[in-house]
Amino acid sequence: MQRRKFIKHTGIGFATLGIFRDLAKLKSISEKDRGAITIATWNNKKAVMAAWEVLSANGSALDAVEAGARIPEEDPLDTSVGYGGYPDREGRVSLDASIMDHEGNAGSVFFLQGILHPISVAKLVMQKTPHVYLAGEGAKLFALENGFEEQNLLTPAAEKAYLEWKKINKYSPKIGPEQHDTIGILAKDRSGRLSGACTTSGLAFKMHGRVGDSPIIGSGLFVDNKIGAASATGLGEAVIKKVGSFSIVEMMRNKMNPEKACKKAIERLLDIKGSSEFQVGYIAMNKAGETGAYSLRAGFPYVVVREGKFELLESKSFFDKK
Ligand code: SD4
C-alpha cells in the first residue's frame, strides 16, 4: 500500500516536473524568437548599431539591414563599400548591392556608378519594379528617376591609392586582409521576420564592368524566412561558383547550425584553384536566432547585436594563416 502510494506520488511528481520542463523550454524558445538580432561581416560596429536602433524601436528587419548597410556606404574611410571605395582599374568607382526581405522578395543593383546608396536603390528595385536585377546605366537612370542624386564617389584617398597602384599596374585584383570591409548584414526583428543586405565596391582595381557575388541572390546573400539567412564577403568569383549563401541556408534547412553550415560552405571552396590564397567569409543566422560564421583564412571578425548586447567575434577558419 505504502509502496503503491509512493509510486503514485513520484509518478505525479515526474509528470508535473515534465510539464514544467516543457513549459520552461517553450518559454525560452518564444523569448529567443521574440528577441531582435543583427549580425554583420567584419568589424562593422556602427552598422550593426544602426540596424539595432531600428530593431529596438520595433522597426522591420528590412529597414534595419538597409540602415546598417548605409553606414559603410557613406563612410569615406571604408575602402570596400560605397563612397571611399577603391575604384576599378580605369579609376571609376562601381557598386554592387542586394537586399532580401522576409517574403523572399529580392532586389539588386550591379555596376552602379555615381550613386551614394546602392542598397537603397536595390530596395526600390525590389519594391517598385517587377524585376530583381538592374545593372549599370539602367540602374543609375532608375535611381535618378527616384530622387537619388549623382555624385562623385572617388575620394582623394582612394584616388591616391589608385594612382599608386597604377605605377605598378599589375592586374591582380587584391583580396588581402587590408582590402576587406564589404558588408553583409542580416537581421531578425521582434516579429521574427528575417531580412538581409549586402553592399560593396567590389575588388580594388578590378576590370571595368566586373561584378562580384554581392548583388547575386543566392551567392552574396540569401534569406528564407522559414529557415534563416546568410551572406558572404571575400573573393566574389569563388562565392559565385559555389552559390555560397544559398547553400548555407539549404544546409540550415537540413538542421545544421549556422556555424557548421558556414564551415561546410567554406570547405566546398577548397577545390577552387588558389583556395589557399584567397579569402572568403560567411555569416549566417537561423530562424531560432542562432548566429555563426566561418572563413577560409584566419582574420575574419564579425559583429552581432542580440537584444542590445554588442559583440565583436572572431570567426573560426579553415586555414590558420591570414
Ligand atoms: C566582391 N565579395 O566583389 C566582394 C568583395 C569583398 O570585402 O567582399 N570585399 O567580390
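Student: Let's begin with the strands: how many bridges join E2 to E6?

Tutor: Good place to start, and keep in mind that this is a predicted model. E2 and E6 run antiparallel, and Asp-96 stands opposite Thr-200 in E6. The number of bridges that join E2 to E6 is five.

Student: Which residue in E3 does Ala-97 stand opposite?

Tutor: E2 also pairs with strand E3, residues 106-112, in the antiparallel sense, and five bridges link them. Within E3, the residue opposite Ala-97 is Val-109.

Student: And what is the phi of Gly-104 in the turn?

Tutor: E2 and E3 form a hairpin, with five residues between the two strands. Gly-104 lies in that turn and its phi is positive, at about 85 degrees.

Student: Are the residues pointing each way from E2 buried or exposed?

Tutor: Let's take the two directions in turn. Leu-95, Ala-97 and Ile-99 point one way, while Asp-96, Ser-98 and Met-100 point the other way. For strand E2 as a whole, residues 95-100, the count is six of six. On either side, then, the residues are all buried.

Student: Now the rings, please: how are Tyr-162 and Trp-165 arranged as an aromatic pair?

Tutor: The model has nine aromatic pairs by the rule used here. In the pair of Tyr-162 and Trp-165, the centres are 6.1 Å apart and the planes are 25 degrees apart. Planes under 30 degrees apart count as stacked, so this pair is stacked.

Student: Where do Tyr-162 and Trp-165 lie?

Tutor: Both residues are buried. They sit three residues apart, about one turn of the helix, and that helix is H6, residues 156-168.

Student: Why does the pair of Trp-165 and Phe-205 tie together parts that are apart in sequence, and by how many residues?

Tutor: The ring centres of Trp-165 and Phe-205 are 5.1 Å apart with planes at 20 degrees, so this pair is stacked. Trp-165 belongs to helix H6, whereas Phe-205 is in the loop between strand E6 (194-200) and strand E7 (221-224). The pair therefore ties together parts whose separation in sequence is 40 residues.

Methods: Residues numbered from 1 in each chain as written. Predicted model: local features only at pLDDT ≥ 70, side-chain atom pairs only at ≥ 80, totals over all residues. Heavy atoms only, no water. Phe/Tyr/Trp six-rings, centres within 6.5 Å; stacked < 30°, edge-to-face > 60°. Helix = DSSP H or I, 4+ residues; strand = E, 2+ residues; numbered from the N terminus. Buried < 20%, exposed > 50% of the residue type's maximum accessible area, 1.4 Å probe, protein only. Pairing = 2+ DSSP bridges.
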